[in-house]
Amino acid sequence: GKSLQALDEQSAYIMVNLLQSTVEYGTLANRRREIGGFDGMPMAGKTGTTQNWSDAWTVGFSPYVTTAIWFGFDIPGNSLGLNQTGATAVGPIWANYMKEIHKDLPVKDFVRPSTGLIERRVCSVSGLLPTEYCSDGTRLELFILGTEPNRTCDIHEIQRERDQELRNRIQNMLLIE
């Protein structure tokens, strides 16, 4: 049969990279910490919850396996309970399961395409190229070649100028009185 490619390998890798941040810094980060990490095995995932907490799920994957766990009801109107989210209700079970099934497997990274991607340090607030005024920090981000930012951040410089203007007005008001 004919194969269908939904995404090019660069876009697919960017998606994996984004979903890894869910496990490292996002809704699954506490679950990762609670089990003591995945012993170096890269993990990516996504949590979800419906309104009224009637369904909650975690879907996650490593370079070896994908696992989806869902809690919910097939009869409308039921609820798992207040604040029973994909991260809080399902995340711990997913994390424990993934740790257990990977415990004897060698650490293996997600395969990064050899071309077509570029890393750039960006301002953590604007996502643009940082300047000396980017006081809120910077982060390294991955881009498909040609989509990386080419403008420098102007948010913090504008804020600095605004704050200086405010200070000047206050000082002038104090001198008048």
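**A close look at the cysteines**

Author: Happy to! Let's start with Cys153, which counts as buried at 3% relative accessibility (buried means under 20% relative accessible area, exposed over 50%, partly exposed in between, with a 1.4 Å probe and protein chains only). This is a predicted model, where local features need pLDDT of at least 70 and side-chain atom pairs count only at pLDDT 80 or more, while totals for chains, interfaces and linings use all residues. Residues are numbered from 1 along each chain as its sequence is written, and side-chain values use heavy atoms, leaving out hydrogens and water.

Now for the sulfurs. A disulfide is a covalent bond between the sulfur atoms of two cysteines; here it is taken as a pair of cysteine sulfur atoms within 2.5 Å. The structure holds 0 disulfides. Cys153 is in none, and its nearest cysteine sulfur, that of Cys134, is 3.8 Å away. Cys134 is itself buried, at 10% relative accessibility. The closest cysteine sulfur to that of Cys134 belongs to Cys123, and because they are 3.7 Å apart, they are too far for a bond.

For some contrast, look at Trp53, in the loop between strand E1 (44-49) and strand E2 (55-61); strands (E) are DSSP runs of at least two residues and helices (H or I) of at least four, numbered from the N terminus. Trp53 counts as partly exposed, at 24% relative accessibility. Leaving aside neighbours within four places in sequence, its contacts (heavy atoms within 4.5 Å) include Ser79, Leu80 and Gly81.
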